[in-house]
Structures are given as structure tokens and as C-alpha cells.
Amino acid sequence: MLDPKFLRNDLEQTALRLASRGYTLDVELINQLEEKRKVLQVTTESLQAERNSRSKEIGQAAKRGEDITQIRAEMNVLGEDLERAKEDFALLAEEIKQIAYNMPNLPHESVPVGTDESGNIEILKWGEPKQFDFDVKDHVDLGEALGGLDFKSAVKISGSRFIVMQGQIAKLHRALAQYMLDLHTNHHGYTEMYVPYLVNADSLYGTGQLPKFGDDLFNTNPATEEGIGMSLIPTAEVPLTNMSRDMIYDESDLPLKLTAHTPCFRSEAGSYGRDTRGLIRQHQFDKVEMVQIVHPEKSFEALEELTGHAEQVLKNLGLPYRKMVLCTGDMGFGATKTYDLEVWLPAQGQYREISSCSNVGDFQARRLQARFRPTGAKKPELLHTLNGSGLAVGRTLVAVLENYQLADGRIEIPQVLQHYMGGLSHIG
RNA sequence: GGUGGAGUGGCCGAGUGGCCGAAGGCGCUCCCCUGCUAAGGGAGUAACGGGUUUAUAGCCUGUUCGAGAGUUCGAAUCUCUCCUCCACCGCCA
């Protein structure tokens, strides 16, 4: 959620910046609503103030033994007026809130302007795509031939966009997650977390999945804003970032750097027909997530650092990748700036997203009421939150299978993983 | 799942209809006293929102005592629903 003050003071400017990411802000409508809001709120509150003070008088009069039937009759009338004003105000406030909740974050000045992914800009390329002297197979063929990827069983058990892994491939998948977690905790300063996979609606509002992106979630019954139902996490960003909800940290506690390995569940509504083959787009996939909760002045610095941590995983695995800065039109809802890391997939002959690292600024923190008290200061201030995949485990498995395949269909195991595979150097 | 108890400020804890945004204590900040340490004395110390304003200063004002709804001129206090925690019983990885 944006600072409501933007809606009052910097409306034109805000509209302009939102337009760069394809969001049209109805300036005139908001001006009208704000005008009404101001009047309604002031009248409501002054009625309230009058009732408060006169109710106090009644108490004192009653204590002195005076007759209060007259004044109580007046208060009944005032009460009705107040009731009406309150209702009108609540209605209007709700309308404004809906607009506010559905407005995306403002992009940072350094973000290139564009309408879709074609406007993203490559920042760097790391590693050379390997030249194969045989016809490369994709991860589906490789995994099935090795008996490690079982799409048929997954369809039987659950449906499409699920996977059953078996044997050494299942172990390799686990090794990847393990390795990432160890790297981030031992070398990058993150605290390992184990978190719930089912979360309540408050948490989803906090990180911005609700109200706008409810269709992407898997829910338990009845699962609505007010309901008791819970949702499966679409990313560990939700539980990790919500750690800071309703908290006031000491400045000396910052930054908080959290990481967790969790499954992620996404309904993928609206992506029918896209990436139907293989592990690229699944309803359930594992991810090692990094979250940082930082001082507002440090968040862009932290974004560079956090992205670097994700890059380090790719480097250590020897997987060629490129780093993209997303343009205004392709960024996620809450992001002020996002780097995507794309790994080279030889079978597709292209780079595919494997990590997305965003500085969310105070956008989530405002909803979360995630604050800190600057040393020596009285007033708490909003924190900034960041999140990034470090990395998506399933897609990393894809990348390892495809990049490390040998002519005979075996898979070489990257150096850093061999220790996690009991010293094994090859699969198959 | 059953029965009983409880949720109040950074923390502990009082408070059964108006004098309560809330006693007292701890903690914290500032000041005084003290040769050092320890002890002592005094003052201050919730968050969020609206209006006014150059102002995150001041002033006016609203909301918040687990959440929501209700009763009432008036609710931390009474009623209902829900959530959470604690104890015991049952069940269980």
C-alpha cells in the first residue's frame, strides 16, 4: 500500500509514476472522494466529540442528582445523526481503501520504463553457455530416462503440473536446497527459519497477495478475508516477511536476514498452455527464499547484496546466467525495483527466470505495520522489506540436469553438490 | 474434542457503567544528590488517524484495553460470536 498522503498531496506526480507501469490512476475520482472524505470525517468526528463531552456532563449531572431526561432526549437525536454520519463515512472509507489496496508500488527512478518484458534490460551475463558435441536433451527426457522424474505418477496422484521424483534425482533436488541454505546461512549472514506452509488472510494482506491476487492461491475451506480458512503459501516470502508484522524493532536489531526452504503452491490460474512440459511451471515447487528487513535508507544497497547472494548460488553451481533489471511494466505489484536472474537452459536455447529479487520499499511494511525505532528517536518509522529467491529449487534442478548432461545420458554432479550426494560424481 | 481459567501500555499488574488512555511497579530518558560503586530524590515515558499549519513543532479532535458485533446518553467494565494462551482430561506423529 502506498502512503495515503500521496493521494492527498502528490496525486499528479503519483499518477504519472504509476502510469509508467501500466496502472491508470483516476485522479479526478480520487480528488472527489478525498474532498468528500475530508468533509465527512470532520463532521463525524465533531459529532463524536460532542457526544463524548455531553455524555460526560450527563454523568456529572446525574451524580449531583439533577434531572437528565431532557438532555438524554437530545442525545438520542444526536446519536442518530452520528450513526448516519458514521455509516456514510465507513462506506466512503471502504471505497478509498479498495483503491489504495489495489494500487501498485511506485517504481524507483533507476528502473527503465517499459510496457512488458521486452523492456527489461540485461545488466550482465555470467559464464559461457557450454557447447555440446551431441544433441542435447531436455530435462524431461533426461529425467525420465534416468527413472528420476515421474510425470505419469504425479498426474495419477494429483494432476498436471505436479512431479514425483525418485532416487538420485530426488536426492539431487534435496542436495540443491541443502546447499543453498548452507551457503546463505554460513556465508551470507542469514538466519535459517522453519515456517508454516499454511497462512492466514492477515499475512496475505500483509505481503500483498490479497486482495488482488487471491486467484493465484490454493485455499483450505472457506478461505476468504474474514473466513477461518487458510492458504498454502505461494512463496516463503509470506511467512518470513510477516515475522515483522506489528513489530517495532530497535534500530540495532537491523537488518533482519532470514532464509527458509519451503514448498510453494501456486494455482497458475491464467497460465493454461504455458510451459506445460516439464518442471518449469508447477503447482508445487520448492524454493529457498531470502528476506531482508532493513533500515529504509539501506534498502537499495540491500537489494544489490541480496541479488548477489542469489547470483553466488549460480556461480558456485557453474550455471551460466544473465541478470536483468525489470522495466516498470514487468515488475511485480509491490516492487520498487526488481532484478531477475535467468539461467541458461541448453535444450530451450534460452535463458529462463530462476530468481527474482525485489526491493519492496515500505509498501509491505505499511500494511504490516513493520517498524523500527531509530536510536534516540521517539517515533517509530516504517521499515523496508526485500525478498528474493535463492533459488527456485525445481528450476535449478532443471538447469543442472540440462547443463551437466553427458552424451551417454548420465548427469555430472557439480563440484559443490558432490559432498551432499555422498561423494557421488555422476547420476546414471 | 471435553471442562475450567485468562487475554489491559516496552514488560509485570490493578481496574465490574461516567471522576479511566487507564493506579502501582519494573524498564527506559532527563535532572538532582553522592569522592568511586551501591543506594536515594524529582520529572517524563503508548500507538495510529483526521483538521489546522511551511512543519513528522504546537493547538483542536477521533480511534485503540485479543478481534468483531450488540446493549447504553456513555463500555476496559454488561451481552453474544470468534481467536489465542494456560491447566486438567481424552486422542495422537
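**View 1. Strands S13 and S14 side by side.** Strand S13 (residues 371-373) runs antiparallel to S14, and 2 bridges join them. Look for Phe 372, which stands opposite Glu 381 in S14. Strands here are DSSP runs (E) of at least two residues, helices are runs (H or I) of at least four, and both are numbered from the N terminus. This is a predicted model, where local features need pLDDT of at least 70 and side-chain atom pairs count only at pLDDT 80 or more, while totals for chains, interfaces and linings use all residues. Residues are numbered from 1 along each chain as its sequence is written, chains are lettered from A and ligands numbered from 1 in the order in which they are written, and side-chain values use heavy atoms, with hydrogens and water left out.

**View 2. The whole sheet.** Zoom out a bit and you get an open sheet of 3 strands, in the order S7-S13-S14, with mixed pairing. Strand S7 (248-250) and strand S14 (381-382) are at the edges with a single partner strand each, so one side of each has no neighbour in the sheet. Two strands pair if DSSP finds at least two bridges between them.

**View 3. Helix H2 against H3.** Helix H2 (residues 11-19) packs with H3 at an angle of about 145°, and their axes are 11 Å apart. Axes are lines fitted to C-alpha atoms, for helices over the stretch in contact, and angles run from 0 to 180 degrees between N-to-C directions. Leu 11, Glu 12 and Ala 15 in H2 meet Val 27, Ile 30 and Asn 31 in H3; contact means heavy atoms within 4.5 Å. By class, that makes 4 nonpolar, 1 polar and 1 charged residues.

**View 4. The cavity.** The structure holds 1 cavity of 30 Å³ or more, and the largest cavity has a volume of about 50 Å³. On a 1 Å grid over the protein atoms alone, a cavity is a set of points where a 1.4 Å probe fits but cannot get out, a pocket is an open set with protein on both sides within 12 Å along at least five of seven lines, and lining residues have an atom within 4 Å of a point. Leu 7, Ile 30, Leu 33, Glu 34, Ile 96 and Ile 99 line this cavity, and H3 gives the most, with 3 residues.

**View 5. The second largest pocket.** This pocket has about 240 Å³ of space; a volume is the space filled by probe spheres set on the grid points, which are joined across faces, edges and corners. Of its 16 lining residues, Pro 4, Arg 8, Ile 96, Lys 97 and Ala 100 are closest to the centre.

Key: Ala, Val, Leu, Ile, Met, Phe, Trp, Tyr, Cys and Pro count as nonpolar, Asp, Glu, Lys and Arg as charged, and the others, Gly among them, as polar.
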